[in-house]
Amino acid sequence: MEIKVLEGVFDANEIVAKENRGILDKSGTYMVNMMASPGAGKTSLIVKTLEGLSGDLKSVVIEGDIAGKVDAERVSDTGTEAIQINTGGSCHLEAKQVNTALANLSLEGIGLAIVENVGNLVCPAEFKLGEDLKVMILSAAEGDDKPLKYPLMFSESDVLIVNKIDLIPYTNFNLEKLKETVIKMNPGVTIFEVSCTNGDGISEWVEWLKKRIKG
Ligand SMILES: Nc1nc2c(ncn2[C@@H]2O[C@H](COP(=O)(O)OP(=O)(O)OP(=O)(O)O)[C@@H](O)[C@H]2O)c(=O)[nH]1
Ligand SMILES: [Mg+2]
Ligand SMILES: [Zn+2]
């Protein structure tokens with residue numbers, strides 16, 4: 001019996017990702033894809049980032065969730081336009097969903113689009129969205145062994161943000177060990193250490209992002 005190989009699924013995604021890239025280039029919009037497991041602090045970091053950027057850059061947020069609009073509401077409360085994608089069960093975002101979101105936003109004058117991917121440490125890393133920057137967040141509460149168990153996201157990401165560093169004293173999380181493991185897997189990665197709760201490290205990340213967007 002002939003075995004079907006589903007390579008085409010990814011090819012089709014890449015075609016739409018390139019289309020997204022074209023749309024973003026036209027409007028001069030920088031797009032960040034934020035990925036992490038559920039509850040690591042994606043929405044918290046997005047809100048902190050928007051606060052840090054205030055006035056410097058007009059932004060929009062594309063929220064990906066299986067269901068609900070809780071995160072889009074949290075972002076919208078900051079005064080930034082947010083659009084919610086409900087994947088209806090799928091555990092990652094694909095380029096076509098982002099394409100639809102981009103078509104429903106007015107990108108004129110928008111310098112930054114932040115995408116919050118579905119909370120999942122596995123497959124969001126496999127799907128290009130047309131982004132400029134892949135950012136992954138790992139919270140200290142999740143353990144320093146995660147790069148060894150979920151290698152793709154750690155090796156694919158341009159930036160690793162270690163969040164919830166305020167919790168480190170209450171855990172066995174070894175920050176130095178984590179950084180050593182990740183750098184071995186991904187020597188080009190840029191690492192930030194932050195707490196969305198007390199604001200530690202947020203300005204370093206925001207300043208770095210601003211410079212990166214300016215090119
Ligand atoms: N102690 C501590 N708690 C944090 C920090 N950042 C976020 N939290 C809390 O962690 C929980 C999850 O944060 P969210 O920002 O909703 O996480 P998320 O990754 O967007 O979650 P999903 O969208 O459901 O995948 C919330 O109760 C936050 O208040 C932090 O730096 N320190
Ligand atoms: Mg969220
Ligand atoms: Zn998935």
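Before the metal sites, a word on terms: donors are N, O and S atoms within 2.8 Å of the metal, or within 3.2 Å for Na, K and Ca, and water is not among the atoms, so sites may look incomplete. This is a predicted model, in which local features need pLDDT of at least 70 and side-chain atom pairs count only at pLDDT 80 or more, while totals for chains, interfaces and linings use all residues. Residues are numbered from 1 along each chain as its sequence is written, chains are lettered from A and ligands numbered from 1 in the order in which they are written, and side-chain values use heavy atoms, with hydrogens and water left out.

Let us begin with zinc. Which residues coordinate the zinc ion, ligand 3? They are Cys 91 through SG, His 92 through ND1 and Cys 123 through SG, at 2.0 to 2.3 Å. Along the chain, these donors follow the spacing C-H-x30-C. Cys 91 lies in the loop between β3 (81-86) and α4 (95-103), and Cys 123 in the loop between β4 and β5 (133-139), so the pair ties together parts that are 32 residues apart in sequence.

Cys 91 counts as partly exposed at 33% relative accessibility, whereas Cys 123 is buried at 13%.

The magnesium ion, ligand 2, is coordinated by Thr 43 through OG1, Asp 71 through OD and Glu 116 through OE, at 2.1 to 2.2 Å. Here the donors are spaced as T-x27-D-x44-E along the chain. Asp 71 belongs to helix α3 (residues 70-76) and Glu 116 to strand β4 (residues 112-116), so this pair ties together parts that are 45 residues apart in sequence. Asp 71 and Glu 116 are both buried.

Strand β4 also holds Val 115, which counts as buried at 0% relative accessibility. If contact is taken as heavy atoms within 4.5 Å, and neighbours within four places in sequence are left aside, Val 115 is in contact with Met 31, Val 32, Asn 33, Met 34, Ile 62, Leu 93 and Leu 129. Its C-alpha atom is separated by 17 Å from that of Gly 88, a residue 27 places away along the chain.

I turn now to a helix pair. Helix α2 (residues 42-53) and helix α8 (residues 202-214) pack at an angle of about 65 degrees, with their axes 10 Å apart. The axes are lines fitted to C-alpha atoms, for helices over the stretch in contact, and angles run from 0 to 180 degrees between N-to-C directions. Why are α2 and α8 described as roughly perpendicular? Angles of 65 to 115 degrees count as roughly perpendicular, those under 35 as roughly parallel, those over 145 as roughly antiparallel and the rest as oblique; α2 and α8 are therefore roughly perpendicular to each other.

At this contact, Leu 45, Lys 48, Thr 49, Gly 52 and Leu 53 of α2 meet Ile 202, Trp 205, Val 206, Leu 209 and Lys 210 of α8. Is Lys 210 buried or exposed? Lys 210 is buried, with a relative accessible area of 18%. Beyond its neighbours within four places in sequence, Lys 210 is in contact with Leu 53 and Asp 56.

Finally, three further residues. Ala 17, in helix α1 (residues 7-27), is buried at 5% relative accessible area. With neighbours within four places in sequence set aside, Ala 17 is in contact with Ala 95, Lys 128, Leu 129 and Gly 130. Ala 17 and Glu 131 are 114 residues apart in sequence, yet 8.0 Å apart in space, C-alpha to C-alpha.

Ser 155 is found in helix α6 (residues 151-156) and counts as partly exposed, at 33% relative accessibility. Not counting residues up to four places away in sequence, Ser 155 touches Met 185 and Asn 186.

Lys 164, in the loop between β6 (159-163) and α7 (175-185), has a positive phi of about 65 degrees although it is not a glycine. At 24% relative accessibility, Lys 164 counts as partly exposed.

Technical notes
Helices (H or I, at least four residues) and strands (E, at least two) are DSSP runs, numbered from the N terminus. Buried means under 20% relative accessible area, exposed over 50%, partly exposed in between (1.4 Å probe, protein chains only).
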